[in-house]
Amino acid sequence: MCIYIFSCLEKLDSITKKHSINVANLVKKFSSFLEISSNDMYIGALLHDIGKLYIPQNIILKKSKLTKEEIDMIKLHPEYGMKFIENTSYKDNEIICNCIRYHHLKYNGENSYPESSLIYNDIPLESRIISICDSFDAMTQNRGYNKVISAKEAVKRINLEKGKQFDPVLVDEFVKFLS
Ligand SMILES: [Fe+2]
């Protein structure tokens, strides 16, 4: 990991930093399983939540139920992430930008944020990959405010969202990758 990216991650709270590293490592392994591994995708995964730097810590780390206003603020982090990247040498790197901007797009477009007309396979592949890895880590790792579930249970939930939240082909590959 280059020093610059490490210094960016250091600015994040420890939970988001750990999650970002976990997701990047999972993306690296899963994409190499898919034989499409790329260093840009790894960097994009490391930086996918960097926009959370601009959201108050008390909201990011809140353990009780978030208010509608707080949820709306958190939903801005992909756009804040793009603002962050605009000031870096990665601003023209399409793969890295897609990981940041589109990692919360849903495959069928329902409840995607930020708002986007992209659905199904028009969503960049790297964004569809990161979406699955992000959710898997969010469900299986302790982030201070979530109920941790087993990898088996997480896969079950990901499977339920096949074709809805997640790319169905990638879900099948993810199940094979984990087994
Ligand atoms: Fe995110």
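The following legends describe views of a predicted model of a single chain.

**Figure 1. Overall fold of the predicted chain.** The secondary structure consists of 10 helices and 0 strands. Read from the N terminus, the elements follow the order α-α-α-α-α-α-α-α-α-α. The radius of gyration is 15 Å, close to the 16 Å that the globule rule gives for 179 residues, so the chain is as compact as a globular protein of that length. The C-alpha trace spans about 35 × 35 × 30 Å along its principal axes.

Figure 2. Of the 179 residues, 32% count as buried. Among contacts with a separation of 6 or more, 63% are made by residues 24 or more positions apart.

**Figure 3. Packing of helix α6 against helix α7.** Two packed helices are described by the angle between their axes and the distance between the axes. Helix α6 comprises residues 77-86 and helix α7 residues 94-101; their axes are 8 Å apart and form an angle of about 150°. Because angles over 145 degrees count as roughly antiparallel, α6 is described as roughly antiparallel to α7. On the α6 side, the residues in contact are P78, G81, M82 and I85, and these meet I96, C97, I100 and R101 of α7. By class, this contact has 6 nonpolar, 1 polar and 1 charged residues.

**Figure 4. Geometry and burial of helix α8.** Helix α8 covers residues 125-140, which is 16 residues; at 1.5 Å a residue it should span 22 Å, and the 23 Å between its end C-alpha atoms agrees with that value. The buried residues of α8 are E126, S127, R128, I129, I130, S131, I132, C133, D134, F136 and D137. An α-helix has 3.6 residues a turn, so residues three or four places apart point the same way. Packing partners of the buried residues in α8 are α2 (14-33), α3 (39-46), α7, α9 (151-160) and α10 (168-178).

Figure 5. L125 is located in helix α8. This residue has 16 C-beta neighbours inside 10 Å and therefore counts as partly exposed, given that a buried residue requires 20 or more such neighbours and an exposed one has 12 or fewer. L125 and Y54 lie 71 residues apart along the chain, and their C-alpha atoms are separated by 27 Å.

Conventions
Residues numbered from 1 in each chain as written. Predicted model: local features only at pLDDT ≥ 70, side-chain atom pairs only at ≥ 80, totals over all residues. Helix = DSSP H or I, 4+ residues; strand = E, 2+ residues; numbered from the N terminus. Rg over C-alpha atoms; globule rule 2.2 N^0.38 Å. Contact = placed C-beta atoms within 7 Å. Axes fitted to C-alpha atoms, helices over the stretch in contact; angles between N-to-C directions. Parallel < 35°, antiparallel > 145°, perpendicular 65-115°, else oblique. Nonpolar A, V, L, I, M, F, W, Y, C, P; charged D, E, K, R; others polar. Expected span 1.5 Å × (residues − 1).
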